[in-house]
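Me: I would like to go through the labels used for this model and ask what each one rests on. Please set each value against its definition.

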Amino acid sequence: MADLPPSDAAQPRWPATWVRALLPLAILVSLEERPLHGYAIAQSVGALGFGAPKGGSLYPALARLEEAGTIHAQWVPGPSGPARREYTLTASGHDRLAAERSQLTALTAALVPDSGDPTRTSADPALPRTIENPAPHPSTIGGPDDDIR
């Protein structure tokens, strides 16, 4: 069973919510270099740190990407068996991949303090604050447990 993904690729490195949200992007990344069939895509996604997705997650995501026109699927003869679907990134898929990479880079930059000092954290008073003295949420003002007399 040399085709099985390594054990470290079987388990995700990221929280499950991130894996679900970014699975389509991981699929596009997997198809960037060459066409792949479903099992190879699962291995590639696993190697990216998303864990090896099960068919119940992978194939619906592939179908949505195909419906959106970002990938194209076609049946090709298998090397030693029946035909299998091979997925290819379309021009629209390359555009989407570039756009989503750019957006993810911008999001990461917004979440990570930009500093030459690796010891500085977001709790440092020297960092600029983006929200100054936020008002309490309305649900926390004058609740039934407040002792108002």
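Reply: A residue is called buried if its relative accessible area is under 20%, taken with a 1.4 Å probe. The model is predicted, and by that cut-off 25% of the 149 residues in the protein are buried.

Me: What makes S2 and S3 a pair?


Reply: Two strands pair if DSSP finds at least two bridges between them.

Me: Why are S1 and S2 called edge strands?

Reply: The open sheet has three strands in the order S1-S3-S2, with antiparallel pairing. Strand S1 (36–37) and strand S2 (71–78) each pair on one side only, which is what the label refers to.

Me: Why does S1 (36–37) count as a strand?

Reply: A strand is a DSSP run of E with at least two residues. The protein has five helices and three strands, in the order α-α-β-α-α-β-β-α from the N terminus on.

Me: What does helix H4 touch in the sheet, and what is its direction relative to S2?

Reply: Helix H4 (residues 55–67) packs on the sheet and touches S2 and S3. Contact means heavy atoms within 4.5 Å. The direction of H4 makes about 120° with that of S2.

Me: Which share of the contacts with a separation of 6 or more joins residues 24 or more positions apart?

Reply: Such residues account for 53% of those contacts in the protein.

Conventions:
Residues numbered from 1 in each chain as written. Predicted model: local features only at pLDDT ≥ 70, side-chain atom pairs only at ≥ 80, totals over all residues. Heavy atoms only, no water. Helix = DSSP H or I, 4+ residues; strand = E, 2+ residues; numbered from the N terminus. Axes fitted to C-alpha atoms, helices over the stretch in contact; angles between N-to-C directions. Buried < 20%, exposed > 50% of the residue type's maximum accessible area, 1.4 Å probe, protein only.
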